[in-house]
Amino acid sequence: MRHTGIYAIVLILLLSAGLLDAVEARQKASDDNKVDPGISRLIRAVDPEQISKTIFYLSKDPLPYRKLNLTLPGHQKNTLYEADDYLAVKLEAWGYRVEREGVRVQAFRRDTSKPKHAQYSAPKPEDPWYTAYNLYAEKKGRSHPDRIILLLAHKDSQSWIDSPGANDNAIGTAGVLEMARVLAEYRSESTIRFLFCNEEHTPWTSKTAARRAKSRGDDIVAVFNMDGIGAKTAEETAAGKKTNVTAYTEPEGRHLAELMGDVNVRYSIGLQQRTAKRPRPGDDDGSFVLAGYPAAVVNIGSLPYGDPDYHGEGDIPEKCDVENAAMTVQATLAAVVTIDREL
Ligand SMILES: [Zn+2]
């Protein structure tokens with residue numbers, strides 16, 4: 001009888017321990033789905049008007065292009081340096097210190113025998129060399145300053161053709177700039193770094209940025225490349241679709257892509273959000289994958305890229321879906337702050 005009593009007590013303890021585990025598991029699951037009011041506030045601060053102004057400034061007036069081999073009549077600096085100055089002035093006004101990292105590059109030559117979107121061709125060694133700058137700004141993390149979340153976009157327009165490069169990629173540049181504005185007052189646990197690089201001159205300056213980060217031993221836990229956010233096929237645009245594809249290369253990137261899907265639902269952002277696996281590292285996120293940072297993704301409006309004006313003169317700001325870009329910025333912000341707080 002006494003033994004039975006002890007067994008009963010042990011059984012009750014075991015059962016209640018199991019029950020507690022189950023309760024904790026449920027609590028954890030609901031925490032994962034919980035709306036964080038701080039994140040909701042941040043994403044409400046995203047302003048499509050700011051994004052639009054930046055896109056028009058960088059791809060129409062006063063800067064029709066952003067390239068090292070084009071200086072506007074009567075101006076002292078080429079259009080890419082003028083774009084750098086615009087970004088730096090904005091960032092500094094919000095309290096960031098801007099660092100410039102020079103990289104020797106060339107403009108691409110143009111091969112008109114190739115399809116319009118792919119007319120870039122390798123320069124000759126005797127073609128002019130220029131210094132292109134990676135622009136950096138960052139917020140130091142309070143508790144984990146060595147843990148870095150990187151937000152980047154290429155800011156240059158196509159060096160081989162007179163394309164305004166509005167969707168490719170004034171829009172992603174404007175998106176990263178908007179995240180810097182919204183996050184200026186946010187007290188982050190990790191360091192959040194912003195990088196404005198160049199991918200339409202050669203070599204891509206993100207390659208230098210990624211290699212130098214690795215050689216310094218930077219602990220970059222997530223890379224979000226914003227390129228062509230909201231850009232899609234003419235049919236999808238006409239149908240009013242708001243789309244984003246988060247493409248990853250490695251399993252660590254897949255985790256970020258899935259997080260983009262989660263926050264899109266959790267914060268009712270309303271994107272048609274999907275993930276895709278890149279067959280190999282590509283674009284500026286690929287530069288980081290190749291340097292040894294596998295948690296790297298690109299946010300892009302469509303994949304394969306559906307913009308009919310891709311790399312053409314018709315890639316103008318009037319055709320940008322600013323509302324779509326703002327939604328992608330909201331989802332990316334929500335993902336970034338979620339990662340910042342998961343310590
Ligand atoms: Zn691009």
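Start by selecting Leu152 and, across from it, Leu195 in strand S6: the two stand opposite each other. Keep in mind as you go that this is a predicted model. Now widen the selection to residues 144-154, strand S5, and residues 190-197, strand S6; these strands pair in the parallel sense over eight bridges.

Next, show the whole sheet. Eight strands make up this open sheet, in the order S1-S4-S6-S5-S7-S10-S8-S9, and the pairing is mixed. At its edges you will find strand S1 (99-106) and strand S9 (272-277), each of which pairs on one side only. Averaged over the sheet, neighbouring strands are turned by 20° against each other, direction ignored.

Now for the cysteines. How many disulfides does a search of the whole structure find? The search finds zero. Select Cys197 and you can check this for yourself: the nearest cysteine sulfur is that of Cys320, 18 Å away, whereas a disulfide needs sulfur atoms within 2.5 Å. Cys197 is buried, at 0% relative accessibility, and Cys320 is buried too, with a relative accessible area of 11%.

On to the charged side chains, where the structure holds 23 salt bridges. Pick Glu318 and Lys60 to begin with; their closest N and O atoms are 2.5 Å apart. Glu318 lies in the loop between strand S10 (296-300) and helix H10 (322-341), and Lys60 in the loop between helix H3 (48-59) and H4, so this pair ties together parts that are 258 residues apart in sequence. Glu318 is partly exposed at 44%, and Lys60 is partly exposed at 43%.

Stay in the loop between S10 and H10 and select Asp321, then Lys242 in the loop between helix H7 (234-238) and strand S8 (243-248), 79 residues apart.

Arg254 is partly exposed at 43%, as is Glu258 at 39%.

Last stop: select Glu138, Lys140, Arg193, Arg216 and Asp218 together, and you have one network joined by salt bridges that share partners.

How values were computed
Residues are numbered from 1 along each chain as its sequence is written. This is a predicted model: local features need pLDDT of at least 70, side-chain atom pairs count only at pLDDT 80 or more; totals for chains, interfaces and linings use all residues. Side-chain values use heavy atoms; hydrogens and water are left out. Two strands pair if DSSP finds at least two bridges between them. Helices (H or I, at least four residues) and strands (E, at least two) are DSSP runs, numbered from the N terminus. Axes are lines fitted to C-alpha atoms, for helices over the stretch in contact, and angles run from 0 to 180 degrees between N-to-C directions. Buried means under 20% relative accessible area, exposed over 50%, partly exposed in between (1.4 Å probe, protein chains only). A salt bridge is a side-chain nitrogen of Lys or Arg within 4 Å of a carboxyl oxygen of Asp or Glu.
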